[in-house]
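Good morning, and thank you for coming. Please look at the sequence and the structure on the screen while I speak.

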Amino acid sequence: MGNPLYQQARKSVMMAKNASENERQNLKAKAKNALSSAYANSTVAEQQQLHQLQDELENL
């Protein structure tokens, strides 16, 4: 099944990427929190992917 916190972080970033301009800031903040939570409980491979997701989020 995988790491549920990792899955939630991925989902949160995707939602922020697809959000309208009005919703984006709020969803970015939620995604950052999800990334932070997931990072502490992730494997090294997941951590690398979380860094990539964080970079995507910062570029929005």
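I begin with Lys17, which is partly exposed, with a relative accessible area of 33%. Buried here means under 20% relative accessible area, exposed means over 50%, and partly exposed lies in between, with a 1.4 Å probe and protein chains only. This is a predicted model, in which local features need pLDDT of at least 70, side-chain atom pairs count only at pLDDT 80 or more, and totals for chains, interfaces and linings use all residues. Residues are numbered from 1 along each chain as its sequence is written, and side-chain values use heavy atoms, with hydrogens and water left out.

What does Lys17 form with Glu56? The two form a salt bridge, and their closest N and O atoms are 2.8 Å apart. The pair links distant parts of the chain, since Lys17 is in helix H1 and Glu56 in helix H3, 39 residues apart. A salt bridge is a side-chain nitrogen of Lys or Arg within 4 Å of a carboxyl oxygen of Asp or Glu. Helices are DSSP runs of H or I with at least four residues, numbered from the N terminus. Glu56 is also partly exposed, at a relative accessible area of 31%.

How many salt bridges does the structure hold? There are 3. Another one joins Glu58 to Lys32, with the closest N and O atoms 3.6 Å apart. Glu58 lies in helix H3 and Lys32 in helix H2, so this pair ties together parts that are 26 residues apart in sequence. There is also a salt bridge between Arg24 and Glu21, whose closest N and O atoms are 2.9 Å apart. Both residues lie in helix H2, 3 residues apart, about one turn of the helix.

Let us return to helix H1. Its buried residues are Tyr6, Ala9, Ser12, Val13 and Ala16. They cover an arc of only 125 degrees around the axis, which puts them on the same side of H1; the arc is that of the directions from the helix axis to the C-beta atoms. These buried residues pack against helix H2 (21–40) and helix H3 (44–58).

Ala16 is one of them, with a relative accessible area of 0%. Leaving aside residues up to four places away in sequence, Ala16 touches Arg24, Leu27, Lys28, Leu57 and Leu60, where contact means heavy atoms within 4.5 Å.

Terms used:
Helices (H or I, at least four residues) and strands (E, at least two) are DSSP runs, numbered from the N terminus.
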